[in-house]
Amino acid sequence: LTLPSQDVPRYLASASMAISFIYDLYFGKASFPTKIAEYLMSGLPVVMNTQSRYIKEFIESNRIGVVLDPADRRTYGPAIEQIQSLLGDSGLVARCREVARAHLGEWVCINKYLDIYKKLR
């Protein structure tokens, strides 16, 4: 499904959660963090796989989603229980948005890029 960018918020607002699996492809690695920020800013928790320990810890420690291994069916039951628990949390939507603002927002990213550029000089 391809949407004009102005329609994306409307579609995300109709969801309860986002499911996003990254594949070991160049474009998938480049776009994945952007999708996480987009989902979280929309108040959606994420269900995802990841090879990144940092992203896994970020998701789990902030209680904004569930990380599973889609190739391992043993992870499905515990993941479903975690999802049900998260979706029952009345503070989930606000927490997703706040975590996104604090860690993935525009000014956070701009400042991180500026720090990198300063170090390269």
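Predicted model: local features only at pLDDT ≥ 70, side-chain atom pairs only at ≥ 80, totals over all residues.
Residues are numbered from 1 along each chain as its sequence is written, and side-chain values use heavy atoms, with hydrogens and water left out.

Helices (H or I, at least four residues) and strands (E, at least two) are DSSP runs, numbered from the N terminus. Tyr54 counts as exposed because its relative accessibility is 58%, whereas Phe58 is buried at 9%. Here buried means under 20% relative accessible area, exposed over 50%, and partly exposed in between (1.4 Å probe, protein chains only).

Turning to charged side chains, the whole structure holds 8 salt bridges, each defined as a side-chain nitrogen of Lys or Arg within 4 Å of a carboxyl oxygen of Asp or Glu. In helix α2 (residues 26-41), Glu38 and Lys35 lie 3 residues apart, about one turn of the helix, and form one of these bridges, with the closest N and O atoms 3.0 Å apart. Glu38 is partly exposed at 29% relative accessibility, and Lys35 is partly exposed at 35%. Arg95 forms a salt bridge with Asp89 at 2.8 Å between the closest N and O atoms, and a network of salt bridges links Arg63, Asp89 and Arg95.

Helix α4 (residues 76-87) has 12 residues and reaches 16 Å from its first C-alpha to its last, close to the expected 16 Å at 1.5 Å a residue; the expected span is 1.5 Å times one less than the number of residues. Within α4, Ala79, Ile83 and Leu86 are buried. They cover an arc of only 65 degrees around the axis, so they lie on the same side of α4; the arc is that of the directions from the helix axis to the C-beta atoms. The face turned away from this buried side carries the exposed residues Glu81 and Gln84. Covering the buried residues of α4 are elements including β2 (46-48), β3 (65-67) and α5 (92-104), with contact meaning heavy atoms within 4.5 Å.
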